[in-house]
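Okay, everyone, thanks for coming. Let me put the sequence and the structure up, and then I'll walk you through a few places in it.

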Protein chains: 2
Amino acid sequence: MPLLVMKFGGTSVADLDRIARAAEKVKREVERGHDVIVIVSAMAGRTNELVGWVNQTSPFYDAREYDAVVASGENVTAGLMALRLQEMDVPARSWQGWQVPILTTSAHGAARFIDIPRANIEAKFAEGMKVAVVAGFQGLSPEGRITTLGRGGSDTTAVAFAAAFGAERCDIYTDVDGIYTTDPRISAKARKLDRISFEEMLELASLGAKVLQTRSVELAMRYKVRLRVLSSFDETDENSGTLVCDEDEIMELKVVSGVAHSRDEAKITLVTVQDRPGIAAAIFGPLADAGVNVDMIVQNISEKDYGDQPGAVTDMTFSCPVDHVDRARRAIEGARAAGTIGYEDLVVDTDVAKVSVVGIGMRSHAGVAARMFQALAAENVNIKVIGTSEIKISVLIDRKYMELAVQTLHDAFELDRAG
Amino acid sequence: MPLLVMKFGGTSVADLDRIARAAEKVKREVERGHDVIVIVSAMAGRTNELVGWVNQTSPFYDAREYDAVVASGENVTAGLMALRLQEMDVPARSWQGWQVPILTTSAHGAARFIDIPRANIEAKFAEGMKVAVVAGFQGLSPEGRITTLGRGGSDTTAVAFAAAFGAERCDIYTDVDGIYTTDPRISAKARKLDRISFEEMLELASLGAKVLQTRSVELAMRYKVRLRVLSSFDETDENSGTLVCDEDEIMELKVVSGVAHSRDEAKITLVTVQDRPGIAAAIFGPLADAGVNVDMIVQNISEKDYGDQPGAVTDMTFSCPVDHVDRARRAIEGARAAGTIGYEDLVVDTDVAKVSVVGIGMRSHAGVAARMFQALAAENVNIKVIGTSEIKISVLIDRKYMELAVQTLHDAFELDRAG
């Protein structure tokens, strides 16, 4: 029997009515002839409440106890969903992580899957169960303790089950009805995409399009799990939402598929760094050790020559998440104190935003960057830093221009037009 | 190392402050040189919330899913308590039922213990853990599902752990500071007992003194687990509360130790039953089948002789919990319809109460009943039904006299005087 994985996030199971609506969607897939594995999050707000209790009880908590407390939210939803389905005459039962068992590493709070053995759940499908409701976001460590995967882990759970069970598709029900060419709150012309490739989705997810967790998309890409994003709150059918799939499944690859943005960026510049071989390593080594996620890096040779310090000097600029700034500053000042780097000034600019265009067609298409820069220049948007990947071009700009830049680029690449 | 079991009920862990206060009490016992197993209930109100969700989702719920949902409350408290203890530098960890594992039958919602293997917890004590915090009220079925023991099951969990681990004592922390000679809300002269025997406590528990669950006392008696009831909210020391123990540990056995009462009683009379061998079985068989808890039974031979129905007739009176009355009525009327019994009238009186005197010294002391009846007669309290056990005499009276009867008997047996 074809198997489907369906995942419902916290807002989709926020109360008993919403659990009932989600159950209706599951029942419909059973009636269409599917066995279904449902992955549920905790009811919206519950996980935050539990996390709050843990933090108040123990600011530097034992992550094993944190996981044991916090994972209970998903267990409640799983039981309630199974009960609701039974009430609708759908044979269902709940599974907590340790019952499956979902085997993970012992990295509490950020555990990774080791294995999801199919035997227990498959035995119940063989007995006539139609729906296995599995608590998302959690697993079991080799020591027999409860683990969690970190925030957003329920998406990852869903993809992992789809991979383990060879599911036909993994449907992620959420509070939006699909993936858009850009954030509809910023551009009224944003258009829902019918399909998008894993690679593009990965760039969009990591660039701040918060619909899917990056890790779940990575996993889907690795195991070729077809992922569909659709709304819990609308009527949905076979064609609803956006399918995230292999590029082979997409007929016409667009040069640019979407415009992403992120407000949570900061720009840090080391002014007048002495340029010598190994200087980049001397700067970015300590940053990596301090856990700073450095994103874009620009090095521009300065013309200046400072009296008794002959040789080239350079300004080194990089971007990182705004809440990594303090850590970054400490790491760099520490390196200067240790004498491994020298610079004149350290300038932090937290008033920036990142805007990116993403498209798998870029790989075979020149001129995208030029078109992007021209469009921004025409609106007098000054570019501070540029970063690129094979299928993405990102620019760091003043935050006040972010909306303008997104709208301008959406128009420039005609993303409001389908096909 | 001497081992102590400490149990904290829902009001004792109702919020983070109370969990912290409970943790202080645990820490003190560790400092006194104990290893401790702490059994926790869900935070007050949590279980009711979860039960409410289940009932709303599925009125005739699958008890396995009910258990999976409802048991999550205790898991949260266990984790928070372990964190709090760690924060106070007490090496502690939490254990959910399946992790111990607490092996129970599959009778979901009313599971019974099969075994509590000591190996996992003992291994951690051997590694230096001082406190194992165990989620009460739950277990693991042979099928690998989560079970619950039914309401009040955390007391039973505590006693079962004390038995399994050979604990020195099992301390039940609750919202009262011990067992009283009678309900202090009814008699201002009620006096806290230092010690009480298992047998007496069992009668008191089943007679409506709601401090301890009957099942937990039964289990304590069977395994000779010394049980101490004491307050979570007072300062407590080695001598606080009431010790429930074997009668060998009680120096001077009192004739009467306490006066118990229960409002939730009903009296049912079958008027003019034809008296023949087997008539009692014909009445009480169907009642048992219907799950009616029959308590006291009185049969009084009537003098009446009804024309063409020669032979003796009788009135048969029994008491049962007031919420079993409808079931009782249906069972009896069913038996009459089936022709297995005949009677003239069925009279139900729900306006009654039960008052009992309990004392292990009664076994070797005559005259207790006479003294009881005289005291009640002196206050013009009419006795409707009398029931006795080896260490208890109960009377059914009009409910309006209940307080009076309790106070009268408390005085008559001089229960306000110690020793």
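This is a predicted model: local features need pLDDT of at least 70, side-chain atom pairs count only at pLDDT 80 or more; totals for chains, interfaces and linings use all residues.

I'll start with how the chains relate, then go through some strands, a helix and a loop.

In general, two copies of a chain are related by a rotation about an axis and a shift along it. Here, chain A can be laid on chain B with an RMSD of 0.2 Å, using a turn of 179 degrees and a shift of 0.1 Å along the axis. That's the relation of a two-fold axis. Which residue of chain A comes closest to the rotation axis? It's Ser72(A), whose C-alpha is at 3.0 Å.

Now the contact between the chains. It takes 27 residues from chain A and 27 residues from chain B. On the side of chain A that touches chain B, the elements giving two or more residues are helix 2 (46-57), helix 3 (63-70) and helix 4 (72-87). Helix 4 of chain A gives the most, with 10 residues. By residue type, that side of chain A divides into 12 nonpolar, 11 polar and 4 charged. And 100% of the interface residues of chain A are also interface residues in chain B, so the copies meet through the same surface.

While we're on that region, look at chain B, at the loop between helix 3 (63-70) and helix 4 (72-87), where you'll find Ala71(B). Buried or exposed, this Ala71(B)? Buried: 30 other C-beta atoms lie within 10 Å of Ala71(B). If you leave out residues up to four places away in sequence, Ala71(B) touches Gly97(B), Phe137(B), Gln138(B), Ile146(B) and Thr148(B). His108(B) is 37 residues from Ala71(B) in sequence and 11 Å from it in space, C-alpha to C-alpha.

Zooming out for a second, to the domains. Chain A is divided into domain 1 (3-175) and domain 2 (260-412). Their C-alpha centres lie 39 Å apart.

Let me stay in chain B for strand 2, residues 35-40. 6 of the 6 residues of this strand are buried, so strand 2 of chain B is largely enclosed by the rest of the structure. In a regular strand the side chains alternate between the two faces of the sheet. Here both faces are covered: Asp35(B), Ile37(B) and Ile39(B) are buried on one side, and Val36(B), Val38(B) and Val40(B) on the other. As for its neighbour, strand 1 (residues 3-8) of chain B runs parallel to strand 2 of chain B, and 6 bridges join them. Lys7(B), for example, stands opposite Ile39(B).

Around Val38(B), not counting residues up to four places away in sequence, you get Met6(B), Phe8(B), Val26(B), Met81(B), Val131(B), Val133(B) and Val134(B). As a general point, nonpolar side chains in soluble globular proteins tend to be buried together.

Okay, over to chain A and strand 16 (residues 345-358), which holds Val357(A). Val357(A) is buried, with 30 other C-beta atoms within 10 Å. Its contacts, again not counting residues up to four places away in sequence, are Val256(A), Val259(A), Val368(A), Met372(A), Ile393(A), Leu409(A) and Phe413(A). Val406(A) is 49 residues from Val357(A) in sequence but 9.1 Å away in space, C-alpha to C-alpha.

Which residue is the bridge partner of Val357(A) in strand 18 of chain A? That's Ile393(A). Strand 16 and strand 18 of chain A pair in the antiparallel sense over 7 bridges. Strand 18 of chain A, residues 392-398, is mostly covered, with 6 of its 7 residues buried. Strand 18 of chain A also pairs with strand 17 (residues 385-389), antiparallel, over 5 bridges. Those two form a hairpin with 2 residues between them, and Ser389(A) stands opposite Lys392(A).

Last stop: helix 12 of chain B, residues 402-412. Met402(B), Ala405(B), Val406(B), Thr408(B), Leu409(B) and His410(B) are buried there. What do these buried residues pack against? Strand 13 (258-274), strand 16 (345-358), helix 11 (368-378) and strand 18 (392-398) of chain B. And just after helix 12 of chain B, Glu414(B) takes a positive phi of about 55 degrees.

Key: Residues are numbered from 1 along each chain as its sequence is written. Chains are lettered from A and ligands numbered from 1 in the order in which they are written. Copies are superposed by least squares on the C-alpha atoms of residues with pLDDT of at least 70 in both. Two residues are in contact if their C-beta atoms, placed from the backbone, lie within 7 Å. Domain bounds come from an automatic or database domain assignment. Helices (H or I, at least four residues) and strands (E, at least two) are DSSP runs, numbered from the N terminus. Ala, Val, Leu, Ile, Met, Phe, Trp, Tyr, Cys and Pro count as nonpolar, Asp, Glu, Lys and Arg as charged, and the others, Gly among them, as polar. A residue is buried if 20 or more other C-beta atoms lie within 10 Å of its own, exposed if 12 or fewer, and partly exposed in between; C-beta atoms are placed from the backbone. Two strands pair if DSSP finds at least two bridges between them.
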